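Dear colleague,

Please find the structure for your review below. My notes on it follow.

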Amino acid sequence: MSSDETPLAEIRVLDLADESGELAGRLLADLGADVVRVEPAEGAASRQAPPLHDGRSLHFAYRNFNKRGMTFDAGRVRDLAGRADVLIESFGPGGLAERGLDPVALRAANPGLVILSISDFGATGPYRDWVASDATLEAMGGMQWQAGLPEREPLLPPGTPAWDIAGILGAFSVLSALWQREQTGHGQAIDLSTLESLAQQTNWAFSNGTYNRAKGQDVAEVRMGSGPMYKIYKCKTGYVRLVILSPRQWHAMREWLGDPEYLRDPVYDGFLGRMMIADALAVTIGDLFETMDHEALAKEAQRRGIVCTPVLAPDEVLVNEHFASRDTFPEVEYAPGATGPMQAGFFEIDGERQGYRVRAPEVGEHDADFAAGIWAEPREAPAGPVPDPALPFTGLRVIDFGVGGVGVEASRLLAVYGADVIKIESRTAPDFIRVVMSTEMSASFASSSTSKRAFGVDLKQPRGRELVHRLIEQADVVIENNSTGAMEKMGVGWETIRKINPRIVMGSAQLLGAHGAWADWIGYGPNTQPVGGLVHLWNYPDQEDPAGSTSIFPDHLAGRVTAVAVLAGLLRRQRTGLGGHAQLAQVETVTGVIGDLLLKTGLEPGSVQPLGNRSDWGSPWGSYPCAGKEQWVAITVRSDEQWKKLVVAIGDPDWAKQSAFDTEAGRRAAADEIDAQLREWTSGQTRNTVTSTLQMFGVPAAPMLTGSEQATDPHFQARGYPRWVDQQGLGWMAFEGECFKASGMSRTIVTQAPKVGEHTREIGRHLLGLAEDDLDALIESGVLQIPKD
């Protein structure tokens, strides 16, 4: 792909983001934008961020490759803003103005400029000025409460997922604004909340929790290890995750167990039926699995059509045959003269990886280039007046073949921002999340299919395929996340689609990717966690057995990465007229958010291990119990100054006056003692009292929130995050709201999810030109389907 064919060729970005959201600029750079990392002469704070190797931050190296480097000067930035398309910053509310860059003045002087402001809690709301760390955001955002064993403390995830998720959603918001600028000529200001970005990703706990609460039912929101659905088994070597949902998968597993008579009862064909014998079944399966190697076992299970993936440690990830066959971790330069295994990128477009080209810059490495006049020509000012806020994707049509959580979340994101999304399914081949509760509507499905239309059609029938082809002729985007080769079997593979509509952009997200040694493996989002190294690292440091999590991460995030790739394809089409095929491996979303930890592993084998709730970012660092049942608060200290503030906040106790505690090294050496003292202090107070006390003194602290608790939290409510809907087939429930607010965009559309084939007649009449008699005949023959009622 030549430089002028990259999706974001000619887009210029000034990237001032530091620590939080740095991945936003990198994703834009991966897609071909000219991204300039602007930082102070002493270097960005993230240049000191762990993990480190030979004194260099691998965190910075991983999130800043493909960028150029420029030393910060307010006057120079103001000048270049008139020549740029995008400016990204993450200084927090008021932070840009404090550096001599008033965002209002920047926008007024450069009306075509898109300014993305990433902050921990957003620019509004009662928590906007709270101090935070990635860990405290994870506690509030829903990542923590689902992880760990019930008899132990809940577990924070490894790495910095909150900041990286903010970067990915930041890239999506920028691309949405750039698409809107194509229609209006005007840029806009974007206020992105890291907390809300993270809350959208963890799983369907928000929608399910609010649904149950609205019905007056108790909500069992407590960690349970890997849970019964995504169970982890010990093998002769290592571990595997086994997921059995469909009757076909169960029959294959039963045959592997010798097809005993006592397991043939039809009641066990359903997941709820198997729950009645869960303990005995776990013993039977465990006896079989403990005789086998974890990778060999997973291969045999996959051969039998059973969803099973091995738990890999970081060192295993880097040498795994599938990742090697995809060249996921090429040996590249991460610093001048130094190389290591770097994840190449998150996705491919037209078969070419959109990722690593050049290492991260040194401080001010390209100052001379900009002094010499690079970006010489200014951007043209828009001709017309500023339009009223509107939804950016109005007029786009999307055909949604998604199932589960990835494809449907990608299309959901486009739907709530105005696209006409048509969901393709039938009763013989429904979205399995729709029918997971043995009805045609579930809270999980409703959350991921809000604001869509539904077209019921049997793709196995030639007439059904013909009608879908006619819809594709009129569409801009096709999205799918079916198993490798499934779209081709249904007659809607990429080669067929591109012939029908050469301008179409297709987004595909397979479990392990469409090519590679394990490309034909089947599974669900949680099956990527073990293969990507996340299950191994998301654990207590004092035990070998994986603690596990019931989170379906990365389903929702992979959907958003898919949406980023699709928008990039649309922007390229706008410039070149070319359609394209964006593809990603869902597992590379997992490895993508721990890319720096995997780089560290490659440079220092065996060095990256589970840390539990502790962190290389500071000490003390962890999760502490508060008064009440399952009430926890995350407390993190990144500096000696924050430690002093913490000591004052808790009453300046004698135990904290040891001189050894004045340094991070001393506190880290005494981590057990300090944690015990902090637990004693927190356990007698409510989590809100602990949080408010520490926040008053400037110490990062936050309560751990479950899905339903987010809906009643004052900050989520003040930001308008819960979107209550009277969902047909279920009743009242809250859907996840937007994670960013943009000056040029109106509020997202959030309406109830459709029934199977709810809009079949409407679409048949208006888009396919079918007469009522034709529709009746097609419905009678089963080619088309409509709601039962």
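To begin with a term: a pocket is an open set of grid points with protein on both sides within 12 Å along at least five of seven lines, and its lining residues have an atom within 4 Å of a point. Please keep in mind that the model is predicted.

The second largest pocket has a lining of 29 residues, and those nearest its centre are Asp18, Glu19, Ser90, Phe91 and Gly92. Its volume is about 650 Å³. Strand 2 (34-39), helix 4 (95-98) and strand 7 (114-119) are the elements that give two or more residues to this lining. Strand 2 provides the largest share, with 3 residues. Sorted by class, the lining of the second largest pocket holds 14 nonpolar, 10 charged and 5 polar residues.

In the whole structure, the search finds 6 cavities of 30 Å³ or more. The largest cavity contains about 70 Å³ of space. It is lined by 14 residues, and Gln200, Leu413, Val416, Gly737 and Glu738 are the closest to its centre. Helix 7 and helix 17 (407-416) each contribute at least two residues to the lining of this cavity, and helix 17 gives the largest share, 3 residues. The lining of the largest cavity comprises 8 nonpolar, 3 polar and 3 charged residues.

Helix 6 (residues 134-141) packs against helix 7 (residues 161-184) at an angle of about 80°, and the axes are 8 Å apart. Angles of 65 to 115 degrees count as roughly perpendicular, and the two helices are therefore described in that way. On the side of helix 6, Asp134, Leu137 and Glu138 take part in the contact, where they meet Pro161, Ala162 and Trp163 of helix 7. Of the residues in this contact, 4 are nonpolar, 2 are charged and none is polar.

Ile349 is placed opposite Ala582 of strand 21.

Yours sincerely

Technical notes:
Residues numbered from 1 in each chain as written. Predicted model: local features only at pLDDT ≥ 70, side-chain atom pairs only at ≥ 80, totals over all residues. Heavy atoms only, no water. Axes fitted to C-alpha atoms, helices over the stretch in contact; angles between N-to-C directions. Helix = DSSP H or I, 4+ residues; strand = E, 2+ residues; numbered from the N terminus. Parallel < 35°, antiparallel > 145°, perpendicular 65-115°, else oblique. Contact = heavy atoms within 4.5 Å. Nonpolar A, V, L, I, M, F, W, Y, C, P; charged D, E, K, R; others polar. Pairing = 2+ DSSP bridges. 1 Å grid on protein atoms, 1.4 Å probe; cavity = no way out; pocket = protein on both sides within 12 Å on 5 of 7 lines; lining within 4 Å. Points joined across faces, edges and corners; volume = space filled by probe spheres on them.
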